[in-house]
Structure formats: structure tokens, C-alpha cells
Amino acid sequence: MYPHTNSSGHELAADAIHAASQEHAPLVRNWDFDLGGPLFDDGSSFCIDKGNVETAMADGVGNRASIEEQTREILALEAVPIMIGGNCSVPIPFFVAFAEHGPIWILQINAHIDWHEDLDGERYDFSSPMRRASEIPHVAWIVQVGIRSVGSAGAADVESAAIFQA
């Protein structure tokens with residue numbers, strides 16, 4: 001899934017990532033040295049490219065509902081959804097959709113901890129997705145990789161993140 005965010009700085013990311021991934025799509029039948037044969041040779045596994053999840057600017061509630069619904073559709077196929085791209089509001093409904101499939105572990109690859117309580121009253125965007133994830137009952141663990149600085153996080157954000165991950 002490649003959620004569109006329709007916000008400056010992010011709206012082109014989903015299409016760029018999607019286009020780049022297509023370069024290697026034909027290679028799924030190539031030899032896999034770890035498995036000793038072609039990837040997906042037995043036909044029991046497959047990849048689905050769901051494409052972009054369209055969203056509308058300034059419709060946070062509707063966008064979150066759409067992302068959660070489409071993630072649940074993929075999970076109903078007994079597939080593993082992988083989401084790439086989007087702004088800080090996109091991961092939250094993705095994580096919520098796993099309620100029937102938990103507990104889950106989250107690997108976040110990002111430069112910032114994204115642990116704000118809120119920013120100007122907004123709780124579902126603006127550097128808050130990992131804090132929101134920590135509040136979801138079926139999220140068992142969060143691993144954060146690539147943190148280069150705490151960025152806009154304050155001391156309370158860092159302390160809260162450390163407590164959750166300890």
C-alpha cells in the first residue's frame with residue numbers, strides 16, 4: 001500500500017517509491033539462494049500491489065478510516081500488508097487495523113522519535129504516530145531505527161518513549 005498524503009513534501013513520495021519498486025517486480029521468479037530455489041516456487045505465497053490509498057486533504061477522519069479499511073482487506077486475504085510512505089497521520093490507522101492479528105511489533109525507520117502528545121491540539125499527525133502506537137493495546141513493542149536526533153521532541157517525549165521501550 002502506498003498512502004497518498006496530499007501534503008507538501010510527501011505527496012510525491014508514494015508514487016516515487018511505487019515506481020522504484022516496480023523495477024524489481026519481474027524478479028520474483030528468480031533463484032533465491034537462501035531458499036535453494038525460485039522465490040514463491042510452491043505457489044503458496046504471493047505479492048499483491050494494492051497501489052495507492054487515495055486520501056483527501058483536510059479529511060483526517062475519512063483518510064484514517066480508508067487506510068484502516070484497506071489494511072483490514074489485505075489482512076482478510078491472509079496477506080501481510082506493508083505500508084510505505086505518507087505523513088505522520090498514515091501509520092496510526094494502519095496499526096489499528098491489526099487489532100484481530102496482535103500482538104504486533106513495529107519497526108519504525110525514521111530520523112525522529114515521533115512521540116509528541118499533540119501539536120496545537122492535533123493528536124493524529126505532527127510527530128505523534130509512535131506515541132499513538134504505544135497506546136494501542138495490541139502493539140507489543142516498538143523498535144526505532146535511524147533516529148539521528150530527537151528533532152522537535154521535548155524532554156517529556158523522550159522520557160515517555162524510553163519508558164515504553166524499556
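This is a predicted model: local features need pLDDT of at least 70, side-chain atom pairs count only at pLDDT 80 or more; totals for chains, interfaces and linings use all residues.
A nonpolar core is a set of buried Ala, Val, Leu, Ile, Met, Phe, Trp, Tyr and Cys residues joined through side-chain atoms within 4.5 Å.

**View 1. The largest nonpolar core of the model brings together 20 residues.** Those with the most contacts inside this core are Phe94, Phe95, Ile106, Trp115, Met130, Val139 and Ile142. Two or more residues come from each of helix 2 (60–76), helix 3 (91–96), strand 5 (104–109), helix 4 (129–134) and strand 6 (139–145). In soluble globular proteins, nonpolar side chains tend to be buried together.

**View 2. Here we zoom in on Val139 and the residues it touches.** Leaving aside residues up to four places away in sequence, Val139 contacts Ile104, Ile106, Ala133 and Phe164. Val139 is also listed among the core residues with the most contacts, as is Ile106.

**View 3. Gly102 and Pro103 are joined by a cis peptide bond.** Omega for this bond is about 0 degrees. Look for Pro103 in the loop between helix 3 and strand 5. Most peptide bonds are trans.

**View 4. Glu78 and Ser127 are residues other than glycine with a positive phi.** For Glu78, phi is about 60 degrees, and this residue lies in the loop between helix 2 and helix 3. Ser127 has a phi near 65 degrees and sits in the loop between strand 5 and helix 4. Is each of these residues buried or exposed? Glu78 counts as exposed because its relative accessibility is 79%, over the 50% cut-off. Ser127 is buried because its relative accessible area is 19%, under the 20% cut-off.

Terms used. Residues are numbered from 1 along each chain as its sequence is written. Side-chain values use heavy atoms; hydrogens and water are left out. Buried means under 20% relative accessible area, exposed over 50%, partly exposed in between (1.4 Å probe, protein chains only). Helices (H or I, at least four residues) and strands (E, at least two) are DSSP runs, numbered from the N terminus. Contact means heavy atoms within 4.5 Å.
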